[in-house]
Amino acid sequence: MEKLIITAAICGAEVSKEDNPNLPVSALELAEAALEAEKAGASIIHLHVRDEEGKPTQNFNYFEKAFAAMKDIGVTAIIQPSTGGAAGMTWEERIQPVSLNPEMATLDCGTVNFGDEIFVNDLPLMRRFAEEMKERNILPELECFDAGNIYNALLLNKERLLSEHLHFDLVLGVPGALAASIKNLLFMVELLPPDATWTAAGIGRWQLPIAIHTILMGGHVRVGFEDNIYYSKGVLAGSNAQLVSRVVRIANEVGREIASPSETRKILELTKDGSK
Ligand code: KMH
Ligand code: ZN
């Protein structure tokens, strides 16, 4: 099997320090969390940023600061900013971090209920984001929260708006989107083109079972506070690195080796190297 790419989604837009005081929020905290996660085995850092009050923002300056702090501290993992931001943000707000020309960025592939809110990703928005990423040679991580999202991504591909290498992130268990279950994971994976790579992320208590099955199925794994703030039932996770380390231990037990940042760049066929 291909080596395992572990993505650490270290902050997200929905959780707060009140939920888990170990959540990294400032540029320095994000950088330290990213480095610690990388040392534990993560090779992609999925990045959201927060303002001084800890509120989610897509402001370019906050991303620039977080990127700079990560480089300063020695992060070599792929930094993958979110273009999803938080539900309710305009497309102009959301697209800002692509101006940093990162190696990857997320591209959300359809409108879904997101808890009490609606996360809007209509086709014109998706096309605009895809075109911008293609022009800048940014690999989109195709975030799919429901099976229909995969068909939207395939439509964008048919319209030649995507890179040659297709990389999906199957996010299971967002309230209002497709529930997390192993059956739903298998169902979604069967819809993917055979040469695509894919990561899976389970929300909340599904983070661990989805990760375990994905390791065995040959997919790649996303863990971190964005999707789950607990280590086990009722026990808050101490850090993102702690969640990454557990995935590494399980993968080692079943003989799946962990991909380094440079191996991840090869697997995903990234052509620009943002490690410096
Ligand atoms: N915060 C969610 C509404 C992404 O990063 O592209 C969207 C999200 C997806 O987190
Ligand atoms: Zn995200």
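Colleague: Let me start with one side chain: is E257 buried or exposed?

Modeller: E257 is exposed, at 51% relative accessible area (over 50% is exposed, under 20% buried, and in between partly exposed, with a 1.4 Å probe and protein chains only). Keep in mind that this is a predicted model, where local features need pLDDT of at least 70 and side-chain atom pairs pLDDT 80 or more, while totals for chains, interfaces and linings use all residues. Residues are numbered from 1 along each chain as its sequence is written, chains are lettered from A and ligands numbered from 1 in the order written, and side-chain values use heavy atoms, leaving out hydrogens and water.

Colleague: Which residue forms a salt bridge with E257?

Modeller: Side chains of opposite charge can pair when their charged atoms come close. Here the partner is K3, with the closest N and O atoms 3.6 Å apart (the rule asks for a side-chain nitrogen of Lys or Arg within 4 Å of a carboxyl oxygen of Asp or Glu). E257 sits in the loop between helix 8 and helix 9 (261-267) and K3 in the segment before strand 1 (6-9), so the pair ties together parts 254 residues apart in sequence (helices are DSSP runs of H or I, at least four residues, and strands runs of E, at least two, numbered from the N terminus). K3 is partly exposed, at 27%.

Colleague: Now the helices: at what angle do helix 6 and helix 7 cross?

Modeller: Two packed helices are described by the angle between their axes and the distance between the axes. The axes of helix 6 (residues 182-190) and helix 7 (residues 207-217) come within 10 Å and cross at roughly 40° (axes are fitted to C-alpha atoms over the stretch in contact; angles run from 0 to 180 degrees between N-to-C directions). That makes helix 6 oblique to helix 7 (under 35 degrees is roughly parallel, over 145 roughly antiparallel, 65 to 115 roughly perpendicular, the rest oblique).

Colleague: Which residues of helix 6 and helix 7 meet?

Modeller: I182, L185, L186 and V189 of helix 6 meet P209, I210, H213, T214 and M217 of helix 7 (contact means heavy atoms within 4.5 Å).
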